Amino acid sequence: MKSSPGYFYNTVGNLGRFVLTFFNACKEMCYLYTRSLWSVLRSTIFWHNTINEMNFIGVNSVPLVAIISTFTGMVISLQVGQIFADFGVSSQLGNVLAVAFGRELAPVLTGVVVAGRVGSSIAAEIGSMKVTEQIDALKTLSADPIDYLVAPKLLAAFLMMPLLTIVSNILGMAGGFMVAVHQKAVTAVAFFESIASYITPWNFIGGLIKAFFFGLVVAGVGAYKGLHTENGAVGVGTATTQSVVTGTIYIFILNYFLTIILY
Amino acid sequence: MISIHELGFDIDGKTILRDINLEVAPGTTMVIMGPSGCGKSTLLRLVCGLAKPTRGRVLISGKDVQSLTPAEHRSIGMVFQSSALFDSLSVYENVAFGLRRDKTYRPAEIEVRVREGLARVGLPEEDLLQKMPADLSGGMKKRVAIARTLAANPQVILYDEPTNGLDPIMAMTINKLIRSLQRDLGVTSLVVTHDLTTARHVGDHFGMMLDGALVETGTFDQILKSKHPVIRQFLNVS
């Protein structure tokens with residue numbers, strides 16, 4: 001009975017619960033960020049773990065970011081190159097690629113890759129530690145789980161995401177350049193001249209600023225989902241999936257607002 | 001050593017523990033028995049300071065457990081039901097973890113204490129040190145967890161179902177180990193278990209919990225003679 005008052009109250013009740021849960025999650029994530037910042041400032045963070053996380057989040061993500069960025073650059077060059085050729089402006093391909101990668105594609109692609117590879121791993125690691133009482137064991141040994149687990153991951157993601165974005169920029173442009181020169185008959189000189197004529201450093205700096213935020217979002221969502229894992233192995237699976245889905249959604253929403261602010 | 005006063009714990013409007021009063025004398029072992037889900041593990045979490053009580057308080061050597069400093073907190077060790085060894089750390093690093101948090105220990109001292117701790121729990125093998133928890137049997141994990149707890153030199157050790165999931169021979173090894181630690185080191189222990197064999201071997205004093213309340217305390221024989229129908233049923237089935 002969709003028109004009954006019961007259905008109306010149920011819907012309003014569910015909406016209210018969703019809003020409360022959302023704001024509660026925001027509050028707890030803010031706590032994770034501020035507490036992690038405090039951990040870094042007081043140097044109670046486990047620096048050894050931070051180095052390990054930088055290796056895992058940054059260095060180990062390079063091959064994936066490299067492959068995805070290179071082929072994305074090549075595809076864009078193929079598609080846009082054809083349209084530009086029809087309009088006789090093929091020489092502007094470098095300009096378009098630089099704007100696309102510098103402002104949007106490099107940070108967003110890297111963010112999505114890291115959300116899939118790293119966000120899920122963070123949620124699974126912390127979640128399995130939660131359900132096997134390892135987080136409680138940390139507390140009994142006077143180690144704060146934020147200092148030991150969360151802050152190193154947040155700091156590592158914050159620092160490594162911009163570096164991965166730089167890799168994505170370079171390889172995406174390289175892929176696009178190869179296709180432009182070898183398949184679309186754009187000369188190397190024309191390609192780089194179009195970049196030099198229109199592109200300002202801010203196109204790339206803005207993308208790097210986005211990457212800092214995306215790193216915090218991916219690691220923060222993974223840590224939050226991990227710390228709230230319940231119900232054993234099933235719960236770990238759920239937390240892992242949710243961290244990827246939520247992290248990716250947040251990246252796209254945040255990207256819109258950052259684009260308004262930055263450009 | 002451990003004083004529990006009017007302890008109560010609610011979660012999501014449901015009462016998990018109600019009006020628990022308990023004293024555990026220094027150097028003795030108190031065993032809390034009861035069926036699964038009666039609140040035994042929650043009681044340990046409150047005694048350890050992992051959760052905040054809704055009502056009442058827990059005193060360790062006269063100090064409220066909620067107000068202990070990190071250094072004071074290290075005097076309370078806990079052996080978890082699942083052993084809770086850190087998956088990403090070797091046996092050596094697991095046992096050394098608590099010692100490294102205490103800045104007063106030099107690396108050489110830490111190594112000595114780790115080896116002593118593992119030898120005390122019957123694991124003196126050199127090649128064990130670099131093994132990962134995934135390479136250990138359930139009984140070895142439990143003993144490494146006890147060594148990790150012992151390394152911090154605690155005055156109080158809390159055991160959550162210490163023999164759960166172990167074969168009878170390994171369970172007896174763990175029982176003897178708990179007993180020897182109390183006898184040799186004089187630690188105060190609180191053990192929760194639903195295993196009567198473990199309870200009989202490790203305990204000096206006993207308590208029976210049902211539905212979040214401590215319904216009976218005394219010697220093992222006094223518990224056995226309880227007239228409470230649910231306790232009788234628990235003892236008969238066990």
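**Close-up views of a predicted two-chain model**

**View 1. Strand 1 and strand 2 of chain B.** Strand 1 of chain B runs antiparallel to strand 2 of chain B, and 7 bridges join the two. In this pairing Asp10(B) stands opposite Thr15(B) of strand 2. Helix 1 of chain B packs on the sheet and touches strand 1, strand 2 and strand 4 of chain B. The direction of helix 1 makes about 120° with that of strand 1 of chain B. As in the other views, the coordinates are those of a predicted model.

**View 2. The open sheet of 4 strands in chain B.** The strand order in this sheet is 2-1-4-5, and the pairing is antiparallel. Strand 2 (14-24) and strand 5 of chain B are the edge strands, each of which pairs on one side only. Strand 1 (residues 2-11) and strand 4 (residues 55-60) of chain B pair in the antiparallel sense over 5 bridges. Ser3(B) has Leu59(B) of strand 4 as its bridge partner.

View 3. Strand 5 (residues 63-64) of chain B runs antiparallel to strand 4 of chain B and is joined to strand 4 by 2 bridges. The bridge partner of Leu59(B) in strand 5 is Asp64(B). Leu59(B) is also the bridge partner of Ser3(B). The hairpin has 2 residues between the strands, and Ser61(B) takes a positive phi near 50°.

**View 4. The open sheet of 6 strands in chain B.** This sheet has mixed pairing and the strand order 6-7-8-3-9-10. Strand 6 and strand 10 (213-218) of chain B each have a single partner strand, so one side of each is left without a neighbour in the sheet. On average, neighbouring strands of this sheet are turned by 20° against each other, direction ignored.

**View 5. Strand 7, strand 8 and helix 5 of chain B.** Strand 7 (residues 156-160) and strand 8 (residues 188-193) of chain B run parallel and are joined by 5 bridges. Asp160(B) has Val192(B) of strand 8 as its bridge partner. Helix 5 (residues 138-151) of chain B packs on the sheet, where helix 5 touches strand 6 and strand 7 of chain B. The direction of helix 5 makes about 175° with that of strand 6 of chain B.

**View 6. The contact between chain B and chain A.** Chain B gives 21 residues to the contact and chain A gives 14 residues. In chain B, Phe86(B), Phe97(B) and Arg101(B) lose the most area to chain A, and together they make up 34% of what that side buries. The area buried between the two chains is about 1,500 Å², and carbon and sulfur atoms give 57% of this area.

**View 7. Polar contacts and the salt bridge across the interface.** Between chain B and chain A, 6 residue pairs are in polar contact. The interface has 1 salt bridge. This salt bridge is formed by the side chains of Asp136(A) and Arg45(B), at 2.5 Å from N to O.

**View 8. Elements of chain B on the side that touches chain A.** Counted between the two chains, 6 residue pairs are in polar contact. Helix 1 (40-48), helix 2 (70-73), strand 6 (76-79) and helix 3 (91-101) of chain B each supply at least two residues of the side that touches chain A. Helix 3 of chain B gives the largest share of this side, 3 residues. By class, the side of chain B that touches chain A has 11 nonpolar, 4 polar and 6 charged residues.

**View 9. Helices of chain A and a salt bridge between two of them.** Chain A has 9 helices and 0 strands. The C-alpha atoms of chain A fill a box of roughly 65 × 60 × 30 Å along the principal axes. Over all chains, the whole structure has 14 salt bridges. In chain A, the side chains of Lys153(A) and Glu53(A) meet in a salt bridge of 2.7 Å, N to O. This pair links distant parts of the chain, with Lys153(A) in helix 6 (residues 145-183) and Glu53(A) in helix 2 (residues 47-57) of chain A, 100 residues apart.

Notes. Residues are numbered from 1 along each chain as its sequence is written. Chains are lettered from A and ligands numbered from 1 in the order in which they are written. This is a predicted model: local features need pLDDT of at least 70, side-chain atom pairs count only at pLDDT 80 or more; totals for chains, interfaces and linings use all residues. Side-chain values use heavy atoms; hydrogens and water are left out. Contact means heavy atoms within 4.5 Å. Buried area is the accessible area (1.4 Å probe) that two parts lose on being put together, summed over both. A salt bridge is a side-chain nitrogen of Lys or Arg within 4 Å of a carboxyl oxygen of Asp or Glu. A polar contact is a pair of N or O atoms within 3.5 Å; within protein, one must be able to donate a hydrogen and the other to accept it, and residues adjacent in sequence count only if both atoms are side-chain atoms. Ala, Val, Leu, Ile, Met, Phe, Trp, Tyr, Cys and Pro count as nonpolar, Asp, Glu, Lys and Arg as charged, and the others, Gly among them, as polar. Two strands pair if DSSP finds at least two bridges between them. Axes are lines fitted to C-alpha atoms, for helices over the stretch in contact, and angles run from 0 to 180 degrees between N-to-C directions.
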